[in-house]
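Subject: Handing over the structure

Hi,

Here is the structure I promised to pass on. Could you open it and keep it beside you while you read the rest?

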Amino acid sequence: MNKIKSAINLCFFIPALNFVSLASADENRLATDLSVEDLLNVEVTSVAKKTQSLNDAAAAIFVISNEDIKRSGATNLPDVLRLAPGLDVARINSNQWAVSSRGFNGRFSNKMLVLIDGRNLYTRSFAGVYWENQDVMLEDVDRIEIIRGPGAALWGANAVNGVINVVTKHSSKTQGGLVTGGGGNKETGFGSLRYGTKLGENTTARAYVKGFERNANTLQTGGKGGDRWDKVQGGFRVDSQLSMQDTLTVQGDVYHATIGEAGYYAQPEAPYLFTLNTSNDNIGGNLLGRFQHTFSPTSDYSLQFYYDGYSHKQALYKDSRHTLDLQFQHRFALFDWHEIIWGASYNFGHDHIVNDYYHNGSPILGTIPSVNDQVGAGFIQDEMALIDNELWLTIGSRLEHNDYSGFEGQPFAKIMWAPHNNHRFWAGVSRAVRTPSRVEHGFSFPLVTIPPQTPPQNSPVATSVQLIPNPNFKSERVVAYEAGYRTSFFKSVSLDISGFYNSYNSLRGTSQGTPTFNGQFVQVPLSFNNNLNGHTYGMEVATVWQMLDWWRWDLNYSWLETRFDASLGTARTGVSPQQRASIRGSLSLEHDIDLDFWFRYVDKSYAVYSLGDRYINDYVTLDLRAAWRPLKSLELSVVGQNLLAASHMEYISEIETIPTFIDRSIYGKVSFDF
């Protein structure tokens, strides 16, 4: 920790001495658009499925604003999420990430629900998110709401450890044109064009197109990785005020990406492990429509429909999925002290997963039949004002049926106490489930092959460990206990603290079947089971200090303990970093000059890796950004990322992807409004 403190001093206090003489800067030089008070009053919708201020949300919620995104220098959604406390974001290579909160992170992280404008990004193939497929024009993001802890009662299964909701701007806020472009050593080239206009007196719209090309990182074994990629994406959004009471939103996106992959794969015959450098084409698109009707300030309903389709290719297989989703919700007041929100949803999915690589004439993944799956759900939430403007109790539950584990109940209860306008205390208990994926129920593939005469078995023939499906695999469950405190006791300082204890049961483990000998090698079947239990506990702290009108600090810290009812080796699951810290300084030296510092510390973690589990060392990083606006409509900026080392390891994927270092990078950007 002494090294960390020294680094903090070096990176921030020395610059502070250099710039302190500028403390008399004029009042127009603000480090951000929002004051500390504004930050607590920013509107959020993810906690209660209604608009409320962040300060009144009984949850561990954090909001990333559009200004935060711009000043972070991040160029993609997962890297933006590093701004949030308690969120575990690890880059696996140029085009893959592992993202979760409160533990259980991984390439196939399955306990985090992610949405863009209400569209669920979850794929049932592995119960996670293909982050490389998810993109938006970051300039058009209004905010990102991040809830640590369960949100399953309102948002559905798989919101076990958190919810990420990306909310884009209303099209009326993006009128006119915007063009951006730039490049560097890793972001070799990128650009975007967006134009917004009026289509009528009460209708606005925008359309955009963007693209980028990213260079490969460095393999742990040396040499260039095969992870370079490029992508083109376009989309639109139309918002119409149909009447005083009715609004309609229609939006959609399409994309095409070419994604490089350097992978290793097991085979039962010599050389038992082969590597492939491939370049895969991914395509996809979505279309969403949302109608809202307002009866009164305390009563409204909404109806939302979306379609999402993708074809995701990797070296050994191609995963195609089509999803249709319909949601309805209604909010109304009852007896003046109840506010009730209820709703229902239906989701239909169809997948087509085909083996795309053959060994000795046989498909590596075996035959995978297409499947239709359905999820139907209903939910209700009652928020009661027990004491006016001081004490609130919220209870609710969701009943959901899916084709894999049947009916699932996910209730919750939360209470909030506001003894003073500047102080909020809250506590809650929730139950949530993570439903089975297609991999757990229907996939079969060779996981690893142990060559002959390999200690300690020293078998005269090879041993092939084969993952086999388990149609009896059930949902993972958690009961989560949370509490938090939020305050702005000084005008220039806000503090948000939350603590949690999560008790998990029926977690995913593995069990070995009876080995068989087929005349050439020993085959060991391995299947998933629900025999693992465990618990996690910890705390998260987020502080904002507006030191001067033109200088703001954001300090985040999180601590996580993970315990299993088995030894770590037996549990066969990864362990997220115990401690994470982030310090960000935003300075506006003049009205046309911005400087940003972003220092991060990430503790060591434990990776489950099919070629041998291992610890990943802790690391520190520093990002710097400088921006100059010679004209009001023109901004020039330069960004350096991961500047403290030539490269570092953040995560090792559970299977296939060759361990890759994340390299230092620098890029320049031009942004012009017209």
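Below is what I found, going from the whole chain down to single residues.

A quick word on the ground rules. This is a predicted model, so local features need pLDDT of at least 70 and side-chain atom pairs count only at pLDDT 80 or more, while totals for chains, interfaces and linings use all residues. Residues are numbered from 1 along each chain as its sequence is written, and side-chain values use heavy atoms, with hydrogens and water left out.

**The whole chain**

The protein chain has seven helices and 42 strands. Helices (H or I, at least four residues) and strands (E, at least two) are DSSP runs, numbered from the N terminus. Along its principal axes, the C-alpha trace spans about 80 × 60 × 50 Å.

Of the 674 residues, 59% count as buried. Buried means under 20% relative accessible area, exposed means over 50%, and partly exposed is in between (1.4 Å probe, protein chains only). The accessible surface comes to about 27000 Å², and 59% of that belongs to carbon and sulfur atoms. Those areas come from the Shrake-Rupley method with a 1.4 Å probe; for residues, only the protein chains shown count as cover.

Contact means heavy atoms within 4.5 Å. Among contacts with a separation of 6 or more, 62% are between residues 24 or more positions apart.

**The cores**

Nonpolar side chains tend to be buried together in soluble globular proteins. A nonpolar core here is a set of buried Ala, Val, Leu, Ile, Met, Phe, Trp, Tyr and Cys residues joined through side-chain atoms within 4.5 Å. The largest one has 35 residues, and those with the most contacts inside it are I64, L81, I144 and I164. Elements that each supply at least two residues of this core include β3 (60–65), α4 (77–80), β8 (141–148), β9 (162–168) and β15 (246–266). Apart from this core lies another, of 31 residues, with V44, V63, I341 and L532 among them.

Leaving aside neighbours within four places in sequence, the contacts of I144 include F62, V63, I64, L77, L81 and I164.

V371 is partly exposed, at 22% relative accessible area, whereas F379 is buried, at 7%. Which residues does F379 touch, beyond its neighbours within four places in sequence? They are K49, A153, L154, Q329, I341, W342, G343, A344, S397 and R398. One of these, I341, is 38 residues from F379 in sequence, with 8.2 Å between the C-alpha atoms. V371, on the same terms, is in contact with G349, H350, D351, Y404 and R438. The C-alpha atoms of V371 and I353 are 9.1 Å apart, across 18 residues of sequence.

Most residues other than glycine have a negative phi, and most peptide bonds are trans. A cis peptide bond joins A270 and P271, with omega about 10 degrees. P271 is in the loop between β15 and β16 (273–296).

F335 has a positive phi, near 55 degrees, and so does N642, near 55 degrees. F335 belongs to the loop between β18 (317–334) and β19 (338–355), and N642 to the loop between β39 (634–641) and β40 (647–648). Are they buried or exposed? F335 is exposed, with a relative accessible area of 61%, but N642 is buried, with 10%.

K604 sits in the loop between β35 (593–602) and β36 (605–607) and is partly exposed, at 49%. Its C-alpha is 5.4 Å from that of I616, 12 residues away along the chain. Leaving out neighbours within four places, K604 is in contact with residues including P577, Q578, Y615 and I616.

Happy browsing!
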